[in-house]
Each structure stands twice: as C-alpha cells, then as structure tokens.
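Student: I would like a close look at one part of this model, the contact between its two chains. Could you take me through the salt bridges there and the elements that carry them?

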Amino acid sequence: MSIQAAPMREPTYFVLASLLAGPLHGYAIIKRSEELSGGRVRLATGTLYTALDRLAAQGCVRLVSEEIVNGRVRRSYGLTDSGAAALRAEAVRMAEAARIVTDQAQARASRRPGRATSPCGNASQARQVQPGLKEMTA
Amino acid sequence: MSHLETRARWLLRAYPPDYRAGRGEEIVSTLLDASPPDRNWPAPREAWSLVTGGLSARAARNLTHPLATRLRLALLLAAALGLAANPSYRWLWWVNGTQPSGPGGAAFAICAVLAGATVVAPWLARRSVTICLALIAALALGLLAYHAGFRYGVALYVVPPLALAAVVAKEPTRPPRCWLAIPVAGFLASALLFFVQSLVDYSPGLSSAVGIVGTILVDGIGCAVLLWLAVDARPAIAVAIVLEGFYGLPGLGYALRYGWDTPGVTSRALLIPLAAAVLAMIRLRAPRPGKAAEPASQPSH
C-alpha cells in the first residue's frame, strides 16, 4: 500500500476543501474552513493569504473575480483542476492511512474479543471502556 | 477609519510595499470582516499572522534575486558597516574638540567626511558618484593610516571602500533602504564606545551611562541581524564578514603567534565567524519561491 510522501497540512487541505463547492472570497474561506473542520481549523487572515499565495504559485487556486463591496476590494478564489486533483489525492492518502489503522484495529479486536485496545489508556481504563466497545462492535 | 483598521494597516507594514499595494486593501477587508464589530485591536493571533505573513512575503521576495546578487549586496553592506564603524572616533575628536591641530587635524576631518559620504552613497547617490567617492576615500584613508603609523592596520582602512567600489561597479541593484540603519547604528555604537574611552578618566558616571547606550546599540545590531535572518541572509553574511575582518583574522594571527589556549582567541578566530556563516548558509539554502511550484498533484508544503 503506497502513501504519498508529502502530506498536505491541515489548513491547506481545508482551504482547498472549502473551494470545492465554488469560488469564495477571503472571509468566506475562513468561515467555510472552520465549518468543514468542525471548528478545529480557525484560519487567521495572514495565514490565509500566505496559503493562497502558495497555492496560487502551485497552480492549485486561481483568482476568479474581483468586485468592490462597501468601498473595499473583494476577490474570489476558485479551485483549479490541478488543485482539485491534489485535494482528491490527499483525501485518498488520508483514507489509506486511516484504513491501515482501522483494518488492524478490527483484526486485533476480532482476535481478542474480550479486551479493549485503547492506545492511551492503562489496563483499568481499558476495562472501563470495554462495555461501550462491545456495544459498538455488536 | 476605525481604530481596528488603523492598527491593521500599521501591522500590514510587515509586508513588502508592492505586496501591500496589490493585496493590502483585501487583507484589511478580510480582517475587519473576521473581527467582532466592537474590537479596537486585532486579536493576538491575527496580529501574529500578519507579521509572520509579511516577513515570509519579504523573505520570498528576497529569494527571487540571483545568488550572486544577494552575495554582492551582502558584501556591500559589510563594506559600509566596516567603513562606518572604523573612522567614527575621528568624528568624535572633531565633536569634542580633541582633534589634532593643524594640517593633521584637517586631514582627519576630511577623511571622516569622505568615509561618511561613502557609506551612505550606495543608497543615495548615482553609481558613478559612489565609485569615485569610494576610490578617493580608499586613497585618503590609506595615506592617513600609513602616515599615522597604522602599518598593519592599513588594510582595515583601505579594503572596505575598495570592496564597496567594486560591488557598486558590478551590481546595478541598489540595496534595500532599510539596510542603511545597520551602518548608521554601527557608526553610532562605535562612536559612543570610543566616547566612553575618552571619558573614563574624569567622568566615570557619565561614561558608564554612555557605555550602556553604546552596548545596547551594539547588542541591538546583533539581535536585529539574528531576527533579520528569518527573512534575509544578507545582513547576517555582512556581519559575519565584518566580524571575521575585525576579530576573526586578528584572532587567528594572535593564536598562531601566542597559542590557541589564550582566553577568547578560539571564539574570536573560529566560533563567532563560523556560527554567523552557518546561520547565513542555512537561510541561503532555503528553496526559492518560484521553484516551489511543483506539479499541483503533489504540492510541496
């Protein structure tokens, strides 16, 4: 199973993901990234424009439109074909990486049906989560 | 314009001027949209992102110059820094009235004016004027040093203006305007430290106050150069060259004559220039922004 050597950083991933549905301006990208990540990715303004500069240089995003709203410049950015391809490739890479863990965890759980396999908990904690785990796997 | 907008615009100064002209309004607009309406100051994370974003934009801009241009501009700054720090005590003699009288005093004053003019010329004057000034300064300073009996120190007076003339003749790019602060701060620091030496016998209280200011300036240059390294290797290379010229090579000569176990010799001869050179090379090896645009299917981050 092969995984790409250069993983995308999470803010970059969500910036690209926020543009999947169509072009957005800067503030809308910030809001959409936050929504898509469940509040985990809160882009600061400077971070957003540094990412957009880099992604534009890489050909992943492009300027779509420019308008004046309330006397201020508002530019909208869209995903290019290669940007969409990069995003898909990253999603596949993460899915493959996740499958390595979920497959092995499932195999481990099926080999030892009576024991929990929490990587962070000690034996007593593992025993405490055991009923919940049984419910999930039932 | 609200307080928040005023402060956001002030933070935008971290970005290069041409970047601000193209993107500044858009960034401010997004920041205002993203901030609560009653906010007067940008949130700390917003302020930090603007400063670091601006510095990385400046770094990307600096890396677009060819390596030879970057090295030549670093050498130019080193020459200006060396030239500014070296003759500052002659200004001091003139200011506090202890300059040699007669033709000797006039020669010192002329050399000091020539050196000062040569330092600022690459930023302010035409290339031909700068080259002429630097060559005249090299000749005048060399003669002065020779007649003053600085037999072994003549090179310290002659090499900086000659190097400056050679770089300006070869390199059409002007150094960034803000770099001028480094030789000016070097001049002020060394003048203050020389001033302390002249005061130390009869005014210990004043001399310590002036010494503190001079030391702060010297340390300030060092800290500023270290911070600058995050953006640009060239000032660090310049300071490495000056340290090597003023401390490294004399330290090496001292070590060869008297041994390496003399306190301070090893650090002067090797460690200081080596550390500065390593830091500068780390920064110089940063990838160029243009080269970072790999095929979009495998972006580099």
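Tutor: A salt bridge here is a side-chain nitrogen of Lys or Arg within 4 Å of a carboxyl oxygen of Asp or Glu. By that rule, four salt bridges are found across the interface of chain A and chain B, while a search of the whole structure, over all chains, finds twelve. The model is a predicted one, and every value below is computed from it.

The extent of the contact comes before its details. The size of an interface is often given as the accessible area lost when the parts come together. For chain A and chain B the area buried between them is about 2500 Å², with 50% of it on carbon and sulfur atoms. A:Tyr49, A:Gln58 and A:Arg72 together supply 25% of what chain A buries against chain B, more than any other three residues. In terms of residues, the contact draws 32 from chain A and 31 from chain B.

Polar pairing also spans the interface, where 13 residue pairs are in polar contact, both residues of each pair being at pLDDT 80 or more. On the chain A side, at least two residues each come from helix H2 (26-36), helix H3 (45-57), strand S3 (72-79) and helix H4 (81-111) of chain A. Of the elements on this side, H3(A) gives the most, with nine residues. Sorted by class, the side of chain A that touches chain B comprises 15 nonpolar, ten polar and seven charged residues.

Among the individual salt bridges, one is formed by A:Arg72, already named for its share of the buried area, with B:Glu5, where the closest N and O atoms are 2.9 Å apart. Because A:Arg72 lies in strand S3 of chain A and B:Glu5 in helix H1 (residues 3-11) of chain B, this pair joins two chains. The two partners can be described by their accessibility: A:Arg72 is partly exposed, with a relative accessible area of 22%, whereas B:Glu5 counts as buried at 8% relative accessibility.

B:Glu5 also takes part in a salt bridge with B:Arg9, the closest N and O atoms being 2.8 Å apart. Both B:Arg9 and B:Glu5 belong to helix H1 of chain B, where they are four residues apart, about one turn of the helix. B:Arg9 has a relative accessibility of 23% and therefore counts as partly exposed.

S1(A) and S3(A) pair over two bridges in the antiparallel sense, and A:Leu24 has A:Tyr77 in S3(A) as its bridge partner.

Key:
Residues are numbered from 1 along each chain as its sequence is written. Chains are lettered from A and ligands numbered from 1 in the order in which they are written. This is a predicted model: local features need pLDDT of at least 70, side-chain atom pairs count only at pLDDT 80 or more; totals for chains, interfaces and linings use all residues. Side-chain values use heavy atoms; hydrogens and water are left out. Contact means heavy atoms within 4.5 Å. Buried area is the accessible area (1.4 Å probe) that two parts lose on being put together, summed over both. A polar contact is a pair of N or O atoms within 3.5 Å; within protein, one must be able to donate a hydrogen and the other to accept it, and residues adjacent in sequence count only if both atoms are side-chain atoms. Ala, Val, Leu, Ile, Met, Phe, Trp, Tyr, Cys and Pro count as nonpolar, Asp, Glu, Lys and Arg as charged, and the others, Gly among them, as polar. Two strands pair if DSSP finds at least two bridges between them. Buried means under 20% relative accessible area, exposed over 50%, partly exposed in between (1.4 Å probe, protein chains only).
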